[in-house]
Amino acid sequence: MRCYRARHLVLDRAMNRLQRGLETALDAHLNECAACRAYVQQQQGLTCELERLAAATAGVGTRQRLEEQLLDALRAGHTGHPAAGAVMTASTRRWVPIAAAAAAMLAILAGWWLLSGPPPSRTAAGNGATLSNPAPGNPPRTVSISGFVPLPGAEVLPAFESGAIVRVEIPLPLLPAYGIDVTPDVRDGPVPADLLVAQDGWPRAIRLAGTHP
Amino acid sequence: MMNAGAPLDSADDDSLVARIALGDADAFSTLFRRRCNTVLQFALHMTGVRAIAEDVTQDVFLTVIRQANRYKAGESNVTAWLYGIARNHVRHRLRRDRPVVSLDDSGVFEQELPNDIGDPSRDLARAEDLDALRKAILGLPKRYREVVVLCSLQQLSYVDAAAALGCAVGTVRSRLHRGRALLAVKLGATSRPAQAQPRRARCVV
């Protein structure tokens, strides 16, 4: 038996995994090999030290408050309460708003592509002035909105302290889904809108560009 | 599976997880009290920082709440499942908080070390030995540290450690062998600073 194999078997014996047939061969090797006997002693010493460390750490326990927080999360999670994520750590939360904001943007862009066909030129749709200064011959667009309108579902999000306004283009037929009333005579097409994105990355409100001071 | 309302203290872990999936708070409390300390100790040995270990413990049991319905009794066991979750959270935290984890933070285990009344110099020497061992474990590469902590400190079998780590039993066996050999080298270098030379571990085994 080679030393490398014998040293693996020494560990197997310590873990009570040594096959019965190998016991004799291992002992025979240890009788002949001083280096492996030294290795066995070294590993026995290490095992004692590891057991002492395990014993020293055995009394370490969690705080009572953690159990209560987790129970709150369990109850909230099974009742659909928004507090389900109340004990989530920052590491868990970090990617959620970013992904949600990205998903919202993709949904808006996808809806725009599906409903309006090829994108019109930037000069026709990308400017807020289009709403108030229509081209000759086209009916004026009138959209009844003033200021920001909270997005659906935004009311369950936590209060925010700061944010940024992000300009996007949204197909007119999608506006009611965002809580913006549109008069029936408005034509289809993309309109510029401002999303109010809070510091946590979640969009909170929307308004049409060019309809505010 | 146990009936609702059956005594929980004697319920096995599989039954508790099944009931947690249905929103049973009592079952969760029972499992938490039964397993939280082992999860915390695993995280503590892996990270060396009490605050991170507590965060990991919280994340592990949040994962249990969310994914209890995905646990399949028979394919694994709850202990291995919990250690597997803990291992993933530890790895995530170690990646994210790498600059925060300091191997020189000797106060990490200070409050957990035994405070025996006896020979002060002997106690001090023992405490120093344990501190050196703790640092040596934290200095191991993660793949070796995991198996050393699971098998040598948490007393998991090869099979349970393999289930927790998602690898073969033979892999656990060889990593444990290698990890303990590295540990012995580190401790030898610590206890004989005058002889400490940069050595390749391969020469030792």
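Chain A holds 8 helices and 4 strands. The model is a predicted one. Along the sequence of chain A the elements run α-α-α-α-α-α-α-α-β-β-β-β. Of the 213 residues in chain A, 19% are buried. Among contacts in chain A with a separation of 6 or more, 68% join residues 24 or more positions apart.

### The sheet of chain A

The 4 strands of chain A form an open sheet. Their order is 1-4-3-2, and the pairing is antiparallel. Strand 1 (149-150) and strand 2 (163-171) of chain A each have a single partner strand, so they stand at the edges and one side of each lacks a neighbour in the sheet.

| Strand pair | Sense | Bridges |
|---|---|---|
| Strand 1 and strand 4 of chain A | antiparallel | 2 bridges |
| Strand 3 and strand 4 of chain A | antiparallel | 5 bridges |
| Strand 2 and strand 3 of chain A | antiparallel | 9 bridges |

Pro150(A) stands opposite Ala205(A), a residue of strand 4 of chain A.

Next comes the pairing of strand 3 (residues 190-198) with strand 4 (residues 203-208) of chain A. Ala193(A) faces Leu208(A) in strand 4 of chain A. Asp194(A) has Arg207(A) as its bridge partner. For Leu195(A), the bridge partner is Ile206(A). Strands 3 and 4 of chain A also form a hairpin, with 4 residues between them. In the turn, Gly201(A) has a positive phi of about 95°.

On to strand 2 of chain A. Ala164(A) has its bridge partner, Val197(A), in strand 3 of chain A.

How much of strand 3 of chain A is buried? The count is 7 of its 9 residues, so the rest of the structure largely encloses this strand.

### Where chain A touches chain B

The contact draws 33 residues from chain A and 39 residues from chain B. On the chain A side, the elements giving two or more residues are helix 1 (3-14), helix 3 (34-57), helix 4 (64-79) and helix 5 (90-93) of chain A. Which of them gives the most? Helix 3 of chain A does, with 10 residues. By class, the chain A side has 15 nonpolar, 12 polar and 6 charged residues.

### Helix 1 of chain B

Helix 1 of chain B spans residues 13-21. Its buried residues are Ser15(B), Leu16(B), Val17(B), Arg19(B) and Ile20(B). The cover over these buried residues includes helix 2 (25-47), helix 3 (50-67) and helix 4 (78-96) of chain B. Just after helix 1 of chain B comes Gly23(B), with a positive phi of about 90°.

### Helices 6 and 7 of chain B

How do helix 6 (residues 142-153) and helix 7 of chain B cross, and at what angle? Their axes come within 10 Å and cross at roughly 140°. Angles over 145 degrees count as roughly antiparallel, so helix 6 of chain B is classed as oblique to helix 7 of chain B. The crossing is right-handed.

Helix 6 of chain B contributes Glu146(B), Val147(B), Leu150(B) and Cys151(B) to the contact. From helix 7 of chain B come Ala161(B), Ala164(B) and Leu165(B). By class, the contact residues are 6 nonpolar, no polar and 1 charged.

### Leu165(B)

Leu165(B) lies in helix 7 (residues 158-165) of chain B. Is Leu165(B) buried or exposed? The cut-off for burial is 20 or more other C-beta atoms within 10 Å. Leu165(B) has 20 C-beta neighbours inside 10 Å, so it counts as buried.

Which residues does Leu165(B) contact, leaving aside its neighbours within four places in sequence? They are Arg87(B), Glu146(B) and Val172(B). Of these, Glu146(B) also belongs to the helix 6 side of the contact with helix 7 of chain B. Arg143(B) is 22 residues from Leu165(B) in sequence. In space the two are 9.3 Å apart, C-alpha to C-alpha.

Methods: Residues numbered from 1 in each chain as written. Chains lettered and ligands numbered in written order. Predicted model: local features only at pLDDT ≥ 70, side-chain atom pairs only at ≥ 80, totals over all residues. Buried ≥ 20, exposed ≤ 12 C-beta atoms within 10 Å, placed from the backbone. Contact = placed C-beta atoms within 7 Å. Pairing = 2+ DSSP bridges. Nonpolar A, V, L, I, M, F, W, Y, C, P; charged D, E, K, R; others polar. Axes fitted to C-alpha atoms, helices over the stretch in contact; angles between N-to-C directions. Parallel < 35°, antiparallel > 145°, perpendicular 65-115°, else oblique. Left-handed = near helix turned anticlockwise from the far one by under 90°.
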